[in-house]
Amino acid sequence: MADPHGEDDSPETRTARLILALRSQGVTDPGVLNAIERTPRELFTPDLFKERAWEDSALPIACGQTISQPFIVGLMTQALTLEPRARVLEIGTGSGYQTAVLSPLARLVYTVERYRTLMREAESRFKILGLTNVITRFGDGGEGWPEQAPFDRILVTAAAPEEPKALLAQLKPGGVLVAPIGKGPVQSLRRYAGDGKGGFKVELLGDVRFVPLLDGVAREL
Ligand code: SAH
């Protein structure tokens, strides 16, 4: 249906517009774009913001956290260079949106969140979408998931104050970790690629704004 400004704002058009915008900003991997296109972001946004679900912006969710901007989700997912057999660890489930984008691109996605409320809400969304390869955990993701390590890929969706050594140690040789690193409001998105000899090649992917990775689990719900 046409809106007063003459723009066609059907869900299909909004989706197509977002995919085009991501592509023009450098998210070109067809698998990643396909996963974003098929993940209903409105399911992950609070009622107040559902109208804006297909805009390329971060939005507030419960517990003072945010659902990431689709471009950043695309950029980080693309930087992971996923393979269908990969076991992936994600730190910071939040709304579960990034997890749902990872799900069709990997064999198993392990995701950790320090707010129980967010974890439960995300779990109910994974159930609605029938995502059977997502394994959730309420806990402090800064420590990784030692019982399930090592992982082929690790994605940190909260800002680590410095190089996340505990997480790098849970990466398989030749694995890839993507994380925003920095203490301030703007962090540097880094990609660590294991060289197979215990070292890493580090690549800077640009400036990003993430909520901080905090120690321990949240005492509030
Ligand atoms: N990937 C999310 C973005 C979430 S924002 C999405 O797509 O919606 C970052 C999340 O990291 C928040 O939910 C925050 O509670 C969580 N977080 C911060 N520190 C953490 C920690 N140490 N362990 C687990 N989760 C953490």
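Author: Helices here are DSSP runs of H or I with at least four residues, strands are runs of E with at least two, and both are numbered from the N terminus. The model is predicted.

Reader: Is S68 buried or exposed?
Author: The cut-off for buried is under 20% relative accessible area. S68 has 17% relative accessibility. Therefore S68 counts as buried.

Reader: Which residues does S68 touch, leaving out those up to four places away in sequence?
Author: A contact needs heavy atoms within 4.5 Å. With residues up to four places away in sequence not counted, S68 touches R41, S57, A58, V73 and F210.

Reader: R41 sits over which ring?
Author: The group in question is the charged end of R41. This end lies 5.4 Å from the ring centre. The ring belongs to Y97.

Reader: What type of aromatic pair do F44 and Y97 form?
Author: The search of the whole structure finds 4 aromatic pairs. In one of them, F44 and Y97 are 5.7 Å apart, centre to centre, with 70° between the planes. Planes over 60 degrees apart count as edge-to-face. The F44 and Y97 pair is edge-to-face.

Reader: How many residues apart in the chain are F44 and Y97?
Author: F44 is buried at 1% relative accessibility, and Y97 is buried with a relative accessible area of 1%. F44 lies in the loop between α2 and β1 (59-60), while Y97 is in helix α4. The pair links distant parts of the chain, 53 residues apart.

Reader: Which element gives the most to the largest nonpolar core?
Author: This core has 44 residues, and those with the most contacts inside it include L22, M76 and L80. Among the elements giving two or more residues are α1 (11-24), α5 (116-128) and β7. The top contribution is 6 residues, and they come from α3.

Reader: What is the bridge partner of V178 in β8?
Author: Strand β7 (residues 171-181) and β8 run antiparallel, joined by 6 bridges. In β8, 7 of the 8 residues are buried. V178 has as its bridge partner R191.

Reader: How many bridges pair β8 with β9?
Author: The two strands form a hairpin with 5 residues between them. A193 has its bridge partner, K201, in β9. The pairing is antiparallel, and the number of bridges is 8.

Reader: Which glycine in the hairpin of β7 and β8 takes a positive phi?
Author: This hairpin has 5 residues between the strands. The phi is near 155°, and the residue is G182.

Technical notes
Residues are numbered from 1 along each chain as its sequence is written. This is a predicted model: local features need pLDDT of at least 70, side-chain atom pairs count only at pLDDT 80 or more; totals for chains, interfaces and linings use all residues. Side-chain values use heavy atoms; hydrogens and water are left out. Buried means under 20% relative accessible area, exposed over 50%, partly exposed in between (1.4 Å probe, protein chains only). Two strands pair if DSSP finds at least two bridges between them. A nonpolar core is a set of buried Ala, Val, Leu, Ile, Met, Phe, Trp, Tyr and Cys residues joined through side-chain atoms within 4.5 Å. Rings of Phe, Tyr and Trp (its six-membered ring) pair if their centres lie within 6.5 Å; planes under 30 degrees apart count as stacked, over 60 as edge-to-face and the rest as tilted. A charge sits over a ring if NZ of Lys or CZ of Arg is within 6 Å of the ring centre and within 35 degrees of the ring normal.
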